[in-house]
Amino acid sequence: MNTEYQNALDYLYSFVDYSLKHASELAKAEFNLDRMRQLMSLLGDPQNDYPIIHIAGSKGKGSTAAFTASALRAADYKVGLYTSPHLQEFTERMQINGVPIPQEAFAALVEEIKPFVEQVPYITTFELATALGFLYFSRQQIDVAVVEVGLGGRLDATNIVTPLVSVITAISKEHTAVLGDTLKQIAGEKAGIVKDDIPFVASPQKEEVVSVFDLRAEEMDAPFTLVGRDVHYKIKKRTIDGQIFDVWFEPRGYEKAMKVRLSIPLLGDHQVENAVTAYAALTIARQRGLVFSAPHIKQGFIETVWPARFEIFQEKPLVILDSAHNPSSAHKLLQTLDTYFPKESVVMIFGAGEDKNIAKILKILAPRIDTVILTKADHPRALSAEELRPHADQAGLKSEGIEPVEAAVARALEIAGDEKIILAAGSIFSTAAVRAVLKNK
């Protein structure tokens, strides 16, 4: 890591970084868009220099963004992709055509914006990162950007954009200290990304969430497309190498439903749902001026890469990396395990932050777990193995507490031998740490 890049990171992290804060501090956070609008104005509003597909949601927004960006790349667009958090390196958050911003370019941009940042009191790390992403994309003259919301939607730093299409993936209870205690409240925050007269697309949702979205669509006069109601799909084949499915829009009048057959390498029914959501968003983006064809979508979907989402990292022993960190994603992980590996015993490496519903996550996964190895990644919000243990006991799981992550991975390999599956799950920083250890082996 070069010195300028490390200095740039140190500078960014010297501001308020809510991703590293405890839930109690998050609840007191002063979220609004005024600082972001002021900073972007000082930088010349680079976010207005290219069309944007804007994606919010509790789960699946990163995968949906990856599918969308990959399809646009296949159509020979120069595509910016802004996501968070990163898996291994901060620069992964801002990519062009799958390549993260070079560390030197990142450091230079940070230096350049410092005089403007001084004019905006109380700016946060995420706001700065988002501004850097928008500025980098503009400087590189991209054709289109796919932008993932950080937290919530209405008051998220990314919500200063006027997108080509807004997208909301699956909604579940998360960040309740900030977003609200009920699904309706959370849905209202997510729906804050829907703009006047701008179409929006949503993944299948619970009825109470759909009612919030329908009302928002009416208020904003925004054409609303809901997967499961306006767009349908059917999974045709599941293998360890990927999934094949048909997708079609609800026919109107005397139209015949035109089915498109697509393939994706990501596993799990929820990933098909994410891909269908991306397909619907792309179809609407095409109606609004982007130029590409069904073969581009097919090629882009097949080529999509999104690590640590039921990623089969190696085969002997079989290692699966996942980032299930709430009850909803734990259910999806369990379903995917049962679909692809119904009989195998599983040794799980698990680490999580204090803001997660750990007892419930472990209880959901418990029927498939032989042993859970509790560990702690190097992250301010990470709980220690001993702090995690009562949750494992509550779920009735046989557990071992092992720190650091390197030792936890070694122990998992020892227990698993060639017979059992090793599964890493929990907060993304924990799975990222396991992935880094395995990559270095």
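Visitor: Which strands does helix 15 lie across?
Guide: This is a predicted model. In it, helix 15, residues 405-416, lies across strand 14 (346-351), strand 15, strand 16 and strand 17 (421-426). Helix 15 runs at about 170° to strand 14.

Visitor: And helix 16, what does that lie across?
Guide: Helix 16 covers residues 428-440 and lies across strand 12, strand 13 (318-321), strand 14 and strand 17. Its angle to strand 17 is about 140°.

Visitor: In what order do the six strands of the open sheet come?
Guide: The order is 12-13-17-14-15-16, and the pairing is mixed. Strand 12 and strand 16 (399-401) are at the edges; each has a single partner strand, so one side of each has no neighbour in the sheet. From one strand to the next, the twist averages 20°.

Visitor: How many bridges join strand 15 to strand 16?
Guide: Three, and the two strands run parallel. Strand 15 spans residues 369-374. L374 stands opposite G401 in strand 16.

Visitor: What holds paired strands together, in general?
Guide: Strands of a sheet pair through backbone hydrogen bonds, in either the parallel or the antiparallel sense.

Visitor: Back to strand 12. Is E315 buried or exposed?
Guide: E315 lies in strand 12, residues 311-315. E315 has a relative accessible area of 66%, and exposed means over 50%, so E315 counts as exposed.

Visitor: How far is E315 from D418 in space?
Guide: 9.3 Å, C-alpha to C-alpha, while in sequence E315 and D418 are 103 residues apart.

Visitor: Different topic. How do helix 12 and helix 13 cross?
Guide: The axes of helix 12 (residues 327-340) and helix 13 (residues 358-365) come within 9 Å and cross at roughly 15°. Angles under 35 degrees count as roughly parallel, so these two helices are roughly parallel to each other. The crossing of helix 12 past helix 13 is right-handed.

Visitor: Which residues meet there?
Guide: From helix 12, P327, A330, H331, L333 and L334 meet K360, I361, I364 and L365 of helix 13. By class, the contact has seven nonpolar residues, one polar and one charged.

Visitor: What about the open sheet of three strands, what is its order?
Guide: Its order is 9-10-11, with antiparallel pairing. Strand 9 (231-239) and strand 11 (260-264) are the edges, each with a single partner strand. Neighbouring strands of this sheet are turned by 25° against each other on average, direction ignored.

Visitor: Over how many bridges do strand 9 and strand 10 pair?
Guide: Eight, in the antiparallel sense, with strand 10 at residues 242-249. H232 stands opposite W248 in strand 10.

Definitions and conventions. Residues numbered from 1 in each chain as written. Predicted model: local features only at pLDDT ≥ 70, side-chain atom pairs only at ≥ 80, totals over all residues. Heavy atoms only, no water. Pairing = 2+ DSSP bridges. Helix = DSSP H or I, 4+ residues; strand = E, 2+ residues; numbered from the N terminus. Axes fitted to C-alpha atoms, helices over the stretch in contact; angles between N-to-C directions. Parallel < 35°, antiparallel > 145°, perpendicular 65-115°, else oblique. Left-handed = near helix turned anticlockwise from the far one by under 90°. Contact = heavy atoms within 4.5 Å. Nonpolar A, V, L, I, M, F, W, Y, C, P; charged D, E, K, R; others polar. Buried < 20%, exposed > 50% of the residue type's maximum accessible area, 1.4 Å probe, protein only.
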